[in-house]
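Subject: Structure handover

Hello,

Here is the structure I promised to pass on. Please open it alongside this note.

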Amino acid sequence: MSNKPMKNLLIIISGPSGVGKGTIVNRLLSTGDYALSISCTTRGARKGEVEGKSYFFISDEEFLKTVEENGFLEYSKHFEHYYGTPRKFVEKQLKTHDVILEIEPNGALQVKKSHPEAILIMIVPPDVDALRSRLIGRGTESRDEIERRISRMEYELSKKDLYDYVLVNDNLDSCVEGLHNLIKDLKGANI
Ligand code: 5GP
């Protein structure tokens with residue numbers, strides 16, 4: 001048997017808005033096996049979001065200063081707001097845990113460049129038309145906003161071939177189980 005320490009995994013999960021990735025990530029976290037990276041963002045907090053748990057909500061000035069100081073592992077602009085992964089937190093947590101980043105494809109691909117060992121997983125809907133209808137269906141957004149979301153969904157799905165694994169969320173339990181088993185297998189192979 002090898003005496004080499006088991007390396008922890010940097011796991012990146014992406015998927016279009018509405019695909020259920022937040023729920024999937026929460027289910028993974030409830031196992032206690034993973035650390036979640038909390039991102040910084042310049043967008044305002046939504047109802048129910050908690051500073052330091054959902055995000056670190058910071059100003060544009062603070063964000064750009066952190067960029068200058070090379071404080072982000074990756075960052076990206078999404079719908080007019082910046083989002084970034086704090087470098088120090090991820091590097092520290094990786095010493096003791098597998099770390100999950102829930103980020104969009106531009107950021108995911110930046111991390112893959114600097115950390116080729118990172119595992120990129122995209123969650124996709126079983127039925128793209130159904131997700132499109134759901135994005136249209138709420139009736140609370142303007143036509144422009146809906147179109148923006150749909151083109152964003154199409155853009156995100158168009159990046160799926162660049163991911164290491166693509167999982168279909170047709171059933172929450174089996175998707176979570178599939179993801180958990182995939183990570184366990186990768187962990188076993190990563191000794
Ligand atoms: P929301 O504003 O709905 O919370 O997130 C919008 C998008 O930004 C989601 O696709 C989410 O995964 C992504 N995101 C959240 N944090 C980060 C981050 O640190 N970096 C990047 N590149 N994307 C992020």
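Below are the findings on the ligand site, the cores and the salt bridges.

This is a predicted model, where local features need pLDDT of at least 70, side-chain atom pairs count only at pLDDT 80 or more, and totals for chains, interfaces and linings use all residues. Residues are numbered from 1 along each chain as its sequence is written, and side-chain values use heavy atoms, with hydrogens and water left out.

Ligand site

There are 15 residues around the ligand, and S39, R43, Y55, Y83 and E104 come nearest. A residue counts as near if one of its heavy atoms lies within 4 Å of the molecule. The side chain of R43 has an N or O atom 2.7 Å from a ligand oxygen. For Y55, the distance from a side-chain N or O atom to a ligand oxygen is 2.5 Å. For Y83, that distance is 2.5 Å. Taken alone, the ligand exposes 510 Å², and the protein buries 88% of that. Areas come from the Shrake-Rupley method with a 1.4 Å probe; for residues, only the protein chains shown count as cover.

R43 sits in the loop between β3 (40–41) and β4 (56–57). Helices (H or I, at least four residues) and strands (E, at least two) are DSSP runs, numbered from the N terminus. R43 is buried, at 7% relative accessible area. Buried means under 20%, exposed over 50%, and partly exposed in between (1.4 Å probe, protein chains only). Leaving aside neighbours within four places in sequence, R43 is in contact (heavy atoms within 4.5 Å) with E49, Y55, F57, H81 and Y83.

Cores

A nonpolar core is a set of buried Ala, Val, Leu, Ile, Met, Phe, Trp, Tyr and Cys residues joined through side-chain atoms within 4.5 Å. The largest has 21 residues, with the most contacts inside it made by L10, I12, L101 and V111. At least two residues each come from β1 (10–14), β7 (98–102), α4 (105–114), β8 (119–124), α5 (128–137) and α6 (143–158). The largest share, 4 residues, belongs to α6. Beyond its neighbours within four places in sequence, L10 touches V90, L94, V99, L101, V111, H115, A118 and I119. A second, separate core has 19 residues, including I13, I119, I121 and L179.

Salt bridges

The whole structure holds 13 salt bridges. Each is a side-chain nitrogen of Lys or Arg within 4 Å of a carboxyl oxygen of Asp or Glu. E154 and R132 form one of them, with the closest N and O atoms 2.7 Å apart. E154 lies in α6 and R132 in α5, so the pair ties together parts 22 residues apart in sequence. E154 is partly exposed at 40%, and R132 is partly exposed at 22%. E91 and R87 pair at 3.9 Å, N to O. Both are in helix α3 (residues 87–94), 4 residues apart, about one helical turn. R143 and E147 meet at 3.6 Å, N to O. They are 4 residues apart in α6, about one turn of the helix. R143 is exposed at 67%, while E147 is partly exposed at 45%. Salt bridges that share partners also join E104, R152 and E156 into one network.

Best wishes

Definitions and conventions
A polar contact is a pair of N or O atoms within 3.5 Å; within protein, one must be able to donate a hydrogen and the other to accept it, and residues adjacent in sequence count only if both atoms are side-chain atoms.
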